Structures are given as structure tokens and as C-alpha cells.
Amino acid sequence: MKQRFDYYWKLWCCFLTLSLRTAFSKNIDGGSYWLGKFVRLGFFILMMISIFHHSRDFLGYTLPEMVLIFLTFNLIDSLSQVAFRGLYGLGKEVNRGLFDFILIRPANALFLSMARTVDILDVILLLPIVGAYLLLLQYIDVTFWNGLAFAGFLLISIIIVTAFHILMAAAIILMGDDNILMVFRSLGRFAMFPQETYSTVVRYLLIFGLPIFTMMIFPGQALIGKLDVRWLLVATVVAVVFWGLSLVVWKQAVQQYSSASS
Amino acid sequence: MSIKEERQRKLPLVLDRAIALLMSFVFLSVWSRLTANGPVAGFTQNEFLLYVLLAHVFRPLVFLFKYRVMANEIISGAFAAVLTLPISVSWYYYWRSWGERGLAFASACIEVIWLKALFDVHWMWPESFRAALLFFGLLMVAHALTEIFSFFMNTVAFWTTQAGGPRFLYDWIAEFMGGLYFPLWLLGTTAWSIFALMPFVHFMYVPNYVWLRGTLPAPSLVLALGVWFVISFCLARALYRKGLREYSGAGL
């Protein structure tokens, strides 16, 4: 087990080095993309500040709490970009039949598909996100138990976000188009705002059906003490079911892959 | 031909529309909650929601650019073939964009009926003929201005193969400062005074404001619009000419 872990860890470090070299060979592109992501982050925070110019609270949330929810969404989103950037471009490879070359390599095809590229820009973006997170904690009363619940929900988030990407890898192989990733990221934007923003039907759908809220809102809500700790049990069940489902779908997708003629 | 090309890529088109629809749904939910207890910043719930619907419908006319094709073709060298065509380069790329634009606009018009019903939005037309005329004029100017800026951004490809990054940065700034994601009347005085100096406010916010209120958010914006139009047109033209002189034809 340890040997396998070491093997994949070394492989990931190789991918990281290659991604770093690529990023530094394209200064203009890299700088602009990073700045674009940073500007997006800043503008959304400006939007929230603007809302609070006219309103004392938003559905019972204060400005720091709302920004914290938004930053949690960004944290999970950036982590997924760091870990699973390899999926972008998989659609083209499937269409050209190049996915064959992934299948014959001496490593797990799913790992290679998802982790062969590391988004360095999002690694750098994590710094201001974590910085802003720490800054916000000065304005929010966080207890030890809330912190512990946050850690638990974050762990569950990582499991769900991985399962989501496995499902998307399967969808890309079946459809030959990686635009599905953009749909997932757009769905993720529901989690920029507190879950109370949406109707009950949407909330339940995004907690149990497509667990976007379980993945992206729950950790932040737990940290500010606006989520009952019993939800941890629900989130665990959702994560386990979703994880199992994603692996089954992935296996089916690979079995149906018909090489260059697909 | 452009429409046929777009119809061939049905799945990306459907997914693009799904993304736009999801974003509008998010903002309709946010503004309906924010304004549930009465007007905010002097605007009613219906005005907030109608703003999102207007942005949803008119986004393909203003923010949908096919000009990134131009940058790609400059880099690949395919642009050399475009130069030999008996049509102006800018018009060539402009009309090519209409396949994507037209289908997205038609789809948005249908989607908005569903969104309107879902959020119970009372559709209001501009309050007078004069307001409708002003809206239409401003929308055309916004359309032209975004095309010029887009053309300008693509000329970057004459000097570097890394034209995607600057384009990404520009798109986010233009969409945010243009008021695509939130009505700029929410901004505080300082932020608004900075935004008002930029050309982007004319892309989406100013036309939508005119639709809702019948007047401009500030009369001085007309002067700023004129200045930006002249500056951007001259700059895009000068950069294009300079880039063309340095273009080797074989790509970078």
C-alpha cells in the first residue's frame, strides 16, 4: 500500500514539476490568467460589500460570514483545479483516440486522466484565499468545536469533489466533450451564496442529488456555527454513496470506450 | 455558413446555454431574496429581476465574441488566407460571429420566458418611445464598442502567441465592470465614480438602466461614451495596422 502511494506521489511530483515549467515558460499568459482569477475574486467580494451598503444583513448573514461562505466555495474550487486540471483537454484526446495511450501506461488511467496537469495559478491563488480566510476569522467568533466540524466537512468535501471529477471524467469519455466541466463549475457557483438564497427544492437537490452545497457550503457554514453538527452524518452518507456511484460509472465508461472510432 | 457551423457543434451550444441559464438563475435567486422586504437602493424587486432577464437576453449581442478565432488564426498562420479575401478583415470576423450570436440570442429569448415565469417577473417595456429609441441606440453602441475592444484585444496575437491570458483578464473586467453580474446601482459612491470613468459601464449597465428608468444614470456618461468610442477605434486601428506590418504570414 505504502509502495503504491509512494509511486503515485512521485508521479504527481513529476506532473507538478512539468506544470511549473510550462507555467513559467508562458509569463504573459500565466500572469494574465492569474490576475484574471484574482480580479474575479475581488469583484465578487466588491459585489458583496455593495450589497451590504444597502442592507444590514443578508438572510441572517453578516458581511464577514457571507464573504467566508464565498471564500469556502473558492477554496474548494481552487483545490479541485490544483488536483484535477488534467481533465481539461481529455475530450480532445478521446475524440482523436489518444486516450488509448493513457490506458496502456503502467499507472491507474483515472489518476493519469485527472492529475497529469496541476494548475499552478490556482496554487498561487490559494495564498490570497487562505490569507483572506485568516483575516476574516478575526471578525467571526469561531469555537473549537466549530473548527473541528469545519475540518470534518472539509474532508467530506474533498471526497465529494473527487467523486464529482471521476463522474465528469466518465462523462467526457462517453460524450467526447469537456464542456461538461464548465457546467459543473457553473453549478458550483450556486455555492457562492448561502444555501438559504435558494428555494427548498433547489437546496435539497443540491444537498442530496448533486451534492454541491454539501461540498462547498457546509464547511463554511459549520465554521461560523450556522450548521447543526448532525449534518456531518448526512454529509458522510452522501459522500460514500456518491463516491461508490462515481467509481461504478467510471468503470462502465471505460468499458464502453471504443478507441479512435468513437 | 456561420449558423451551419454552429449547428454542427450542438452539444457545446447546449452546454453554453445551460451555463448562462444557471448563472441567471443564481442571480435571480440572490436579488429576489435581497429585495424580499422592499426596494433596495431605490429599486424594486421587479426592477432587479428584470435587470437580470435583460442581461440574459442581450448578453449574446454584447459579450459573445467570436474574435478569439482571429487571434488563433493569426497565431496559426491561417490569417494569411483571410487577408486575401475580397472583404474587410474586421467585417469578415464580425459576420462569422453571428452564427454563435444569433443562435445564442434566439435561445436566450426562449429561456427568458421560462425564467420570467419561474421567478414571477412582471415584464416591463421601456416607458416611452423616446426611452425605447435611446435603449436601442445605446445597445447598438455597446455592441459596436465591445466589437472594437475585442478586435483590439485580438491584435495582441500579432506580437505574442500568449494572447489567451490577456483575453481572459479582459473578459472578466469587461463583464464585471459592464454590470453583467450585478446592477451597478448597488455600488457605493466611490466605486461608482471609478466605474463610470471606464468604457465598460456602457456594455450592459447603461442600456439596461435606460430600459428600466427611461433616462441615463448620469448625463455625463454620453460624453465619456463618445470619448471612449473615438479612443478605442483609433487605438484598435493603429495597432492592427502596426501588427499587420510585422506579421510574417506563417504564424508565430
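Ser113(A) is in contact (heavy atoms within 4.5 Å) with Gly86(A), Leu87(A), Leu90(A), Phe99(A), Ile102(A) and Trp250(A), when neighbours within four places in sequence are left aside. The residue belongs to helix H6 of chain A, residues 109-115; helices (H or I, at least four residues) and strands (E, at least two) are DSSP runs, numbered from the N terminus. Ser113(A) has a relative accessibility of 0% and therefore counts as buried. Buried here means under 20% relative accessible area, exposed over 50%, and partly exposed in between, with a 1.4 Å probe and protein chains only. The model is a predicted one, in which local features need pLDDT of at least 70 and side-chain atom pairs count only at pLDDT 80 or more, whereas totals for chains, interfaces and linings use all residues. Residues are numbered from 1 along each chain as its sequence is written, chains are lettered from A and ligands numbered from 1 in the order in which they are written, and side-chain values use heavy atoms, with hydrogens and water left out.

Tyr133(A) lies in helix H7, residues 120-136. Leaving aside neighbours within four places in sequence, Tyr133(A) is in contact with Leu68(A), Leu71(A), Thr72(A), Phe150(A), Gly220(A) and Leu223(A). The C-alpha atoms of Tyr133(A) and Ile69(A) are separated by 9.9 Å, although the two residues are 64 residues apart along the chain.

Chain A as a whole contains 13 helices and zero strands. Its radius of gyration is 19 Å, close to the 18 Å that the globule rule gives for 262 residues, so chain A is as compact as a globular protein of that length. The radius is taken over C-alpha atoms, and the rule is 2.2 Å times the number of residues to the power 0.38. The C-alpha trace of chain A spans about 60 × 45 × 35 Å along its principal axes. Of the 262 residues, 51% count as buried. Among contacts in chain A with a separation of 6 or more, 80% are between residues 24 or more positions apart. Chain A exposes about 12400 Å², of which carbon and sulfur atoms supply 68%; accessible areas come from the Shrake-Rupley method with a 1.4 Å probe, and for residues only the protein chains shown count as cover. There are 19 positive and 14 negative side chains in chain A, and the centres of the two sets lie 6 Å apart. Lys and Arg count as positive and Asp and Glu as negative, while His and the chain ends are not counted; the place of a charge is taken as NZ of Lys, CZ of Arg, CG of Asp or CD of Glu.

Chain B comprises 12 helices and zero strands. For its 252 residues the globule rule gives 18 Å, and the radius of gyration of chain B, 19 Å, is close to this value, so chain B is as compact as a globular protein of that length. Its C-alpha trace spans about 60 × 40 × 35 Å along the principal axes. Buried residues make up 55% of the 252 residues. Of the contacts in chain B between residues at least 6 apart in sequence, 79% join residues at least 24 apart. The mean positions of its 19 positive and 13 negative charges are 4 Å apart.

Two loop residues of chain B were examined for their backbone angles. Most residues other than glycine have a negative phi. In Ala41(B), however, phi is near 55°, a positive value. Ala41(B) lies in the loop between helix H2 (10-34) and helix H3 (45-62), and is partly exposed at a relative accessible area of 30%. Asp120(B) likewise has a positive phi, near 55°. This residue is in the loop between helix H7 (98-118) and helix H8 (129-154), and Asp120(B) counts as exposed at 67% relative accessibility.

Cys234(B) is found in helix H12 of chain B, residues 221-246. At 43% relative accessibility, Cys234(B) counts as partly exposed. Cys234(B) and Arg17(B) are 217 residues apart in sequence and 34 Å apart in space, C-alpha to C-alpha.

The contact between the chains takes 40 residues from chain A and 36 residues from chain B. The area buried between them is about 3300 Å², of which carbon and sulfur atoms give 80%; buried area is the accessible area (1.4 Å probe) that two parts lose on being put together, summed over both. Phe43(A), Met47(A) and His54(A) supply 17% of the area that chain A buries against chain B, more than any other three residues.
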